[in-house]
Structures are given as C-alpha cells and as structure tokens.
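Keep the viewer open and follow along as we go.

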Amino acid sequence: MIKVQCLKCGNVNCYIIEENGNAVLVDTARHKYKDKVLEACREANIRLIILTHTHMDHCQNAAFISGELNVPIAISRADEELIENNMLQKLYAKTLAGRLVLFFSEKSFYHDKIPEFIPKVYLQDGDTLEDYGVSAKIIGLPGHTNGSIGIDFGKEGIFVGDALMNMFYPTVSMLYHNHEQMLQSARKISDLGEKIVYFGHGKPKKNRIWVK
C-alpha cells in the first residue's frame, strides 16, 4: 500500500511516496523550506529524489537534501540544461492569470539561483521505481518544460508536477514551453482514467477531464 505525504512549501507541493519502508521524495521546493523538507525526509527511508522538472521553485533544495541524506537525484535528461539557467526554455502564457504567474516566475528565475547538483539518475517515460522499493512508473509529460515528468502509481493517483496546475482552478498548465506538447500531456493524463491528481501547485483533485 502506497502512502502519500504532501509537504506544502508556500505555493509549491513536495511529496514523499512511501511503500513498505521505502520512499522517494518528489521535488524539493525553495531554499527557505529546506529544513521543513529535510525534517520530513528524516522520518522516511528516502532512496531517491525525483524532480518533476528543474524549475527553481521545484529543485532549489535538491543539492542540500541530496547531500544531507546521501541519496541520488533523478531528472529527465531533457531538463538538465535548466539546472544552470531556468531561462533556457522560454515560457509562454495565454490567459491573464497565466501571464501574471509568468511575470513573477521569470522574475524569480532571474534572481534566484539553483545550487549546483549533478543528477545521478536519468528517468524517462515507462521507467519504474521498483529499484527504489516503490510500485510506480514514470510518465513523460513534456510541454511545461521539455523534460517534465510525472509519477503514476496506478489507481491510487498520479503526480503531475506542473503539467497540470490547480493554483486558481484545475487546468492544463498556465505556463508552457511547447503548447501542443502541453495539451498532449494533459490528454495523456486524462486517458489514464479517473484518479487522484497530485499537482505541483494546488490541492489534489480527483478528476479525469482536463482537455475536451
């Protein structure tokens, strides 16, 4: 039985997925939440840190948590370039709310740096987390970034990072690098059927209709 713990870190959610005494950490939040995330991780047997994508607000504590726990960091190789510079994959927005989020996101990308880290594990669509003791698989969800990934753990739910958002209301990602890929990823999530969707931003929600 998989247990999900949500760590609310400002407007970003990190998650600990635990099964039979093994656990993975999904995303690490901003620097000011490092102690909160680390404290929660010390209560679990974290074997891997998974970054749904490498935007600053999701990975600023990756190096710190990895060093403290001596566990590897996993990403999609397609997002590796963003570790050094979050501006390398330009973001766009169509809605008024999205443009507001984009303004503050780009401001943060410019001013807030990511402490350097070297991924030890590269994940792609279809990979499983069995080697880390968790019955789940990686699902590729490009669009928000080229290397955005999610974690599907069957009928119990799916972590989608920023492929979908629930900041003001549940929707496809308000920000995207590639609009068509973003829509395809949303359809991919919808096609998995009704399950609990765990967002990088916003409260979880049980729904399957994201793209009409």
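This is a predicted model: local features need pLDDT of at least 70, side-chain atom pairs count only at pLDDT 80 or more; totals for chains, interfaces and linings use all residues.

Is S173 buried or exposed? With a relative accessibility of 3%, S173 counts as buried, because the cut-off for buried is under 20%.

Now look at what surrounds the side chain of this serine. A polar atom of the S173 side chain lies 3.0 Å from the backbone oxygen of D162. The backbone oxygen of L175 lies 2.5 Å from a polar atom of the S173 side chain. If you set aside neighbours within four places in sequence, the contacts of S173 are H144, D162, A163, L164, M165 and M182.

From there, move to V160, in strand β9 (residues 158-161). V160 is buried too, at a relative accessible area of 1%. Which residues does V160 touch, leaving aside its neighbours within four places in sequence? They are L141, I149, I189, V197, Y198 and F199.

Next, the nonpolar interior. In soluble globular proteins, nonpolar side chains tend to be buried together. Here, the largest nonpolar core has 35 residues, and I16, L25 and I46 are the ones with the most contacts inside it. Helix α1 (residues 34-42) supplies the largest share of this core, with 4 residues. Apart from this core lies another one of 20 residues, including Y15, I17, V26 and I151.

Beyond neighbours within four places in sequence, L25 is in contact with C14, Y15, I16, V37, C41, I46, L48, I49, I50 and I65.

Let's turn to the charged side chains. How many salt bridges are there? The count comes to 6, and three of them are worth a visit. One of them joins D125 and K188, whose side chains meet at 2.9 Å, N to O. This pair links distant parts of the chain, 63 residues apart: D125 is in the loop between β6 (121-122) and β7 (137-140), while K188 is in helix α5. Both partners count as partly exposed, D125 at 46% relative accessibility and K188 at 31%.

Another salt bridge pairs E180 with R187, and here the closest N and O atoms are 3.8 Å apart. E180 is partly exposed, with a relative accessible area of 41%, and R187 is partly exposed as well, at 35% relative accessibility. The side chains of D35 and K34 also meet in a salt bridge, at 3.5 Å from N to O. K34 is partly exposed, with a relative accessible area of 21%.

Which residues make the nonpolar surface patch of about 340 Å²? L100, F103 and F104 do. L100 belongs to helix α4 (residues 96-111).

Definitions and conventions: Residues are numbered from 1 along each chain as its sequence is written. Side-chain values use heavy atoms; hydrogens and water are left out. Patches are made of residues with over 30% relative accessible area and no salt bridge: like charges are joined within 9 Å, nonpolar side chains (Val, Leu, Ile, Met, Phe, Trp, Tyr) within 5 Å. Accessible areas come from the Shrake-Rupley method with a 1.4 Å probe; for residues, only the protein chains shown count as cover. A salt bridge is a side-chain nitrogen of Lys or Arg within 4 Å of a carboxyl oxygen of Asp or Glu. Helices (H or I, at least four residues) and strands (E, at least two) are DSSP runs, numbered from the N terminus. Buried means under 20% relative accessible area, exposed over 50%, partly exposed in between (1.4 Å probe, protein chains only). A polar contact is a pair of N or O atoms within 3.5 Å; within protein, one must be able to donate a hydrogen and the other to accept it, and residues adjacent in sequence count only if both atoms are side-chain atoms. Contact means heavy atoms within 4.5 Å. A nonpolar core is a set of buried Ala, Val, Leu, Ile, Met, Phe, Trp, Tyr and Cys residues joined through side-chain atoms within 4.5 Å.
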